[in-house]
Amino acid sequence: MPTQILYKPLTPEQEKRRRQRNIAIALSVAALVAIFYAITLVRLGSNVFLRPD
Amino acid sequence: MSLVSESDLGQQSDFGSAASDASPSDYVALLKPRVMSLSIFTAFAGMLMAPHPVHPMIGAIALLAIAVGAGASGALNMWYDSDIDRLMARTANRPIPAGRMARGEALAFGLVLSAFAVLTLGLAANWLAGGLLAFTIFYYVVVYTMWLKRSTPQNIVIGGAAGALPPMVGYAAAAGSLDLSSLLLFTLIFVWTPPHFWSLALVKAGDYGRAGVPMAPNVWGPDATRLQILLYSLLLAPIGALPWILGYAGPVYGAIACLGGLGMILGGWAVFSRREGDLARKTAMRNFGFSILYLFTLFAVLVVERLTTIWLGA
């Protein structure tokens, strides 16, 4: 019967790269939020302050 | 029952795993940063050709979206071409053939970036620009990479349209429409691509031959390719000057386009006439380098002329 292994631990180098990838994804998502915020402000202009009656 | 057998653990699936060896720099490499920078630059020039300047923030976001779209094309190209990339010295160290990344990771990365780039450009600028960017990605990945590249020596001629589209995307992002000036920039890059790429292919013919890619020197032979380089250079010189002749660019552009066009013709003639030995290789590489300088200078002058006009008019 083969040895049962549920997971293989990551090497320190793989853990480091995974952390780097996670940081890169977080920064990309933050940049995307900033971009869409900027698009909204530019598109709406001063109308962004208007509130419906 | 084991969830993962021992024999599976040493292998990486096509879609990668938590144990991926890819670092963020590998994902950057997938974007082909040098190709991406040329796309940004030519798209910026196209944007400045628009009759009215675009809002700087929208312009910057549109350029970013175009850059990401170009990068996504590169990632999808590396996903599809990983089998032949490992056979060529020039491409063997790319993330997939080097074993640092699974093919599926590049595919997912390219598809996600493509979708975000097109949607962002559509929402930030307009849907003509977004649609053109989507078409550019489709053309580069499906028409060029999947179809033409491995089937015909005309691959980079027809496929060159993908590299020529960014100025039109940039113009559309700024103007919301297309006109003759954007078509001129498209034509300039389209006609520039064959002499540029074939000069490199003359030197790298062995690489392409090993990978089974039917580049012109491998199919038509080096001498026929040299003739084609000369003919395209003869065609390119007047096309390069057209933006000035038709009034879309100033006299500085006109002078540089004429001088540069002459340089391309002389370079094409040198490649055509020097056919043997190390001198032939050096001449082809020099023509390859000069063609980059030629295109970069033309677009740089166009950008400077347009920015000067905008600032003086403001």
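Guide: In this predicted model, the C-alpha centres of domain 1 and domain 2 of chain B sit 21 Å apart. The domain assignment puts domain 1 of chain B at 23–178 and domain 2 at 180–314. Where they meet, 33 residues of domain 1 of chain B and 32 residues of domain 2 of chain B take part in the contact. Together the two domains bury about 3000 Å², and 78% of that comes from carbon and sulfur atoms. As for salt bridges, the count between domain 1 and domain 2 of chain B is zero. On the domain 1 side, look at B:Met49, B:Pro153 and B:Ile156: these three supply 23% of the area that domain 1 of chain B buries against domain 2, more than any other three residues.

B:Ile156 also takes us to helix α8 of chain B, residues 155–164, where B:Ile156 is one of the buried residues. That helix is mostly covered, with eight of its ten residues buried; among them are B:Asn155, B:Val157, B:Gly159 and B:Gly160. The buried residues of α8(B) pack against α7 (127–148), α9 (166–175), α10 (180–203) and α13 (222–245) of chain B.

How far can you trust the picture? Chain B averages a pLDDT of 92, and 94% of its residues score at least 70. Residues 1–11 of chain B are another matter, with pLDDT below 50.

How values were computed:
Residues numbered from 1 in each chain as written. Chains lettered and ligands numbered in written order. Predicted model: local features only at pLDDT ≥ 70, side-chain atom pairs only at ≥ 80, totals over all residues. Heavy atoms only, no water. pLDDT = per-residue confidence, 0-100. Contact = heavy atoms within 4.5 Å. Buried < 20%, exposed > 50% of the residue type's maximum accessible area, 1.4 Å probe, protein only. Helix = DSSP H or I, 4+ residues; strand = E, 2+ residues; numbered from the N terminus. Domains from an automatic or database assignment. Buried area = accessible area lost by both parts, 1.4 Å probe. Salt bridge = Lys/Arg side-chain N within 4 Å of Asp/Glu carboxyl O.
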